[in-house]
Amino acid sequence: MTLSFAFSRRFLLTGAVALTAVGTALPIFAQDVQKGGTLVMASLQKPRHLNAAVQSGLATAVPAAQIFATLLRYGADFEPQPYLAESWEFSDDNTVLTLKLHSGATFHDGQPITATDVIWSLDVAKQNHPFSSMLEPVEAFGAPDPQTVVIRMKQPHPAILLVLSSALTPVLPKHVFDDGQDIKSNPKNNLPIGSGPFKVTAFEPGQHIILERYDGFFLEGKPYLDRIIIRQYQDANSGVLALESGEAQIFPLLDSTRLIRRLEKSGTMTVTDQGYAGIGPVNWLAFNTKNSALSDLRVRQAMAYAIDRNFVTKALHSGLSKPAIEPVVQDSIFFAPDVESYDFDLDKAKALLAEAGYGEGGNTLQLRIDYIPDIEEQQRAVAEYIKAALAKAGVEVTVRASPDFPTWAQRISSYDFDMTMDQVFNWGDPVIGVNRTYLCSNIREGIIWSNTQQYCNETVDRLLNQAGVEPDLAKRKDLYAQAFRQITADIPIHFINQVPYHTVYSQAVQNPPVSIWGAMGPMDEVWLKQ
Amino acid sequence: MYQRITKQLLYAVSLILAVLVLNFLLIQLAPGDPAEVIAGEMGGANAEVMAAIRAQYGLDKPLLTQLGLYLGHALQGDLGTSYFYNRPVVELILSRLGPTLLLVATALGFALIVGTRLGMLASRNPRGIASALVTVLSLIGYSAPVFWTGLMLVILFGATIPLFPIAGMIDVVKQGGPLVRALDIAHHLVLPALTLGLVYLAQYSRLTRASMLEVLGADYIRTARAKGVSERQVFNRHAFRNALLPVVTVAGMQFGAIISGAVLVETVFSWPGLGTLAFQSILARDYPTVLGILFFSTLIVIIANLLTDFVSRLLDPRLAGGR
């Protein structure tokens, strides 16, 4: 099993976009699989509860993907694969999706998983999941027979396949959860009966989650592991210490480049940046476009030209983060390379500022920058750098710290900011994670990660909405490319870098979770070499 | 006697009430509310979800109504439901109370026993090497911040000489009977208890040394020596017992401070106690949990003070008869 190690090392060294195959190519080594063992995962996320149908976010998604099966799953590319649904097809007009379920699948209490459970779960997600755009176009769910699920949509909704995958729409047992209680506060969310490869036996908030192999899992012979323990650590340092001491074997979602480099050098761990194409995490500088100075396009452009992305990715992030130039990450299938990227050009920045009446001869531009607290390298360090970089262009920037996340969220969502560093996830499809930042209709005071820039361009709205209902992938890509070109031209946000999330694991871990959803995907194929 | 108990109980109840009301109002001053935290946790949310969260926890009601409702429930023993973890606060706190009490009691016990012994040792020859050593050590122990000591111990025993586990209270991977479990917990307890105990050990050794020196100069010690009591007896029975009084008083008074010190130590060592929970709950704007923890720690401090009173009377019968 040195192959996957060599692959991921090479990937890191060359930065090439190869290595889509780690997850999918492994059945070749199926004869090598050793069953059993306990995998301890170090985690910094603290989930509220484990029901991902009503609670989005990384913290719940990682355990929920083990506890609950979904209709579809994804490998390392954006191609859907069968999971609880063995096959699926769209109607000719792309508005009806029919899925056939795996036969003999059971919940952890032994009850069969039927189409009724599936459509009930989807309906729960439609009504309660915070990402309401996921299932908004759905008109009706149908279960003509226990093995068939029918999803009827108002219009084509190409994102639906991704929506039906890991981390977003788990299949819940209706007979357990449909008990008349509000599902969002149902106590059963703490230790839910699930449908996936592992059943949860303990959940101590802030401490650990214990997941035990479910012997009746519908995929023959899987999962390979006996047990997964998700241990929560206070900070990345103690998580890494746990890896080094052998207390934990895998640590996903690590973004401290200092620690990643240290583990890489130690040579006893494998480090990969695969498994984050679905999350699509972007670190960016957002402008309050209603600020009197920043409402001027030239000023926003000047800011962008004055910031050197290379300094951020190479010096601040030890060369481990990739530059971001548009709303989606480079691994997204909708990535469009031909957008205005505002490469570093200090003279251009000064000229634009002078044109707008600032700098020599004019007023000194004074601005404030906020950042999300407790995210050192990605947020605070970049904000400090921006202060220094903009000073060279004659802009006086003060960095305002927030003591904790709710303070920052309140400031930004009530528009009490000039510009702020921010971190927003793509969540696999622009309909889920991109539109919300740019649509005029999503300027909603009090909601963090809505369109807090208060940016509004009807052309962008039209393009994003059209792309959302375009079933033809090539046309859809083109519409997004047009939208991204317009957004980068209007520059409500200056994209800085992709968050360098890495997964670190010991040599014993085989088939590490490197699908587009990474650790937010089922880990039924992970095994430990003894 | 009964009158005194009633008076103390009355004090206790009004103290708890004041703590609850004051903290309820204080925490409202922090910007942001639980709905924002939950939305952050979820990677974003829409207006309907935010409104639903606020309605679910009654955050849309006027502040005084919220306070009234909270106090009403609290007086009936219902501390509410955690906004963040969606579990009854009492259940959440009780699951964390044990670890905190274990940590604090071990640290305090260690500090008291070792600290007073060291203090005695130092007082035997106030100008000797042992005394100087104890003074220097206690000065370092006293002035080093708890989190720094903790981090240094983590680096030393977690990375350089991996003798003790550096995080958590149990090894969840390890299976075994109650004895294995108890040993496992004791193993995990060493570093956090040492970190928390060192500060107080320093104080108690200094206090004991000073107090011993004072007592040893008293007339009754000279009398004891004159009537031929052995030096050992003089030290252990006559002097130490009296010298212990200020130490016990200080230790009792410090119980509250130790609990707040535990917040730092628990955070450094991921010890699953009230401190970690308090820290996380404040960040999550989980008002009921924060208030519940404050309620419980007020209760603990009150009980500790009563106990101090009791122990002081045991040590010095003069106190019992006086009032």
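The exercises below work through a predicted model with chains A and B.

Residues are numbered from 1 along each chain as its sequence is written, and chains are lettered from A and ligands numbered from 1 in the order in which they are written. Local features need pLDDT of at least 70, side-chain atom pairs count only at pLDDT 80 or more, and totals for chains, interfaces and linings use all residues.

**Exercise 1. Confidence**

Task: State the scores of the model, then find where confidence in chain B is lowest and where it is highest.

Solution. 
- Step 1. The model has ipTM 0.77 and pTM 0.86.
- Step 2. Chain B has a mean pLDDT of 85. Here pLDDT is the predictor's confidence in each residue, from 0 to 100. In chain B, 98% of residues reach 70 or more.
- Step 3. Helix H14 (residues 317-322) of chain B is lowest, at a mean of 64. Helix H5 (residues 89-124) of chain B is highest, at 91.

**Exercise 2. Overall form of chain A**

Task: Decide why the radius of gyration of chain A agrees or disagrees with that of a compact globule.

Solution. 
- Step 1. Take the radius over C-alpha atoms and apply the globule rule, 2.2 Å times the number of residues to the power 0.38.
- Step 2. For 530 residues, a compact globule would come out near 24 Å; chain A has 23 Å, so the two agree.
- Step 3. The C-alpha trace of chain A spans about 75 × 55 × 40 Å along its principal axes.
- Step 4. Count secondary structure. Chain A holds 16 helices and 20 strands. These are DSSP runs, numbered from the N terminus: helices (H or I) have at least four residues, strands (E) at least two.
- Step 5. Check burial. Of the 530 residues in chain A, 55% are buried. Buried means 20 or more other C-beta atoms within 10 Å of the residue's own; exposed means 12 or fewer, partly exposed lies in between, and C-beta atoms are placed from the backbone.
- Step 6. Check contact range. Among contacts in chain A with a separation of 6 or more, 71% join residues 24 or more positions apart. A contact needs C-beta atoms, placed from the backbone, within 7 Å.

**Exercise 3. The interface**

Task: Which element gives the most to the side of chain A that touches chain B?

Solution. 
- Step 1. Size both sides. Chain A puts in 41 residues and chain B 37.
- Step 2. List the contributors. In chain A, strands E1 (38-43), E9 (208-213) and E10 (227-232) and helices H6 (236-244) and H12 (405-413) each supply at least two residues.
- Step 3. Pick the top one. H12(A) gives the most, with five residues.
- Step 4. The side of chain A that touches chain B has 16 nonpolar, 18 polar and seven charged residues. Nonpolar covers Ala, Val, Leu, Ile, Met, Phe, Trp, Tyr, Cys and Pro; charged covers Asp, Glu, Lys and Arg; the others, Gly among them, are polar.
- Step 5. Look at one residue. Ile229(A) sits in strand E10 of chain A. Ile229(A) is buried because 21 C-beta neighbours lie inside 10 Å. Beyond its neighbours within four places in sequence, its contacts include His208(A), Val172(B) and Val173(B).

**Exercise 4. An enclosed strand**

Task: Is strand E11 of chain A largely enclosed or open?

Solution. 
- Step 1. Five of the five residues of E11(A) (residues 250-254) are buried, so the strand is largely enclosed by the rest of the structure.
- Step 2. E11(A) pairs with strand E18 (residues 502-506) of chain A in the antiparallel sense, over three bridges. Pairing requires at least two DSSP bridges between the strands.
- Step 3. Tyr505(A) in E18(A) is the bridge partner of Ile250(A).

**Exercise 5. Backbone cases in loops**

Task: Where do Pro223(A), Tyr342(A) and Gln454(A) lie, and what marks their backbones?

Solution. 
- Step 1. Pro223(A) is in the loop between E9 and E10 of chain A. The peptide bond from Lys222(A) to Pro223(A) is cis, with omega near 0°.
- Step 2. Tyr342(A) is in the loop between helices H9 (309-316) and H10 (346-355) of chain A. Its phi is positive, about 50°, although it is not a glycine. Tyr342(A) counts as buried, with 22 C-beta neighbours inside 10 Å.
- Step 3. Gln454(A) is in the loop between helices H14 (435-438) and H15 (458-468) of chain A. Its phi is also positive, near 55°. Gln454(A) counts as partly exposed, with 18 C-beta neighbours inside 10 Å.

Key: Two residues are in contact if their C-beta atoms, placed from the backbone, lie within 7 Å.
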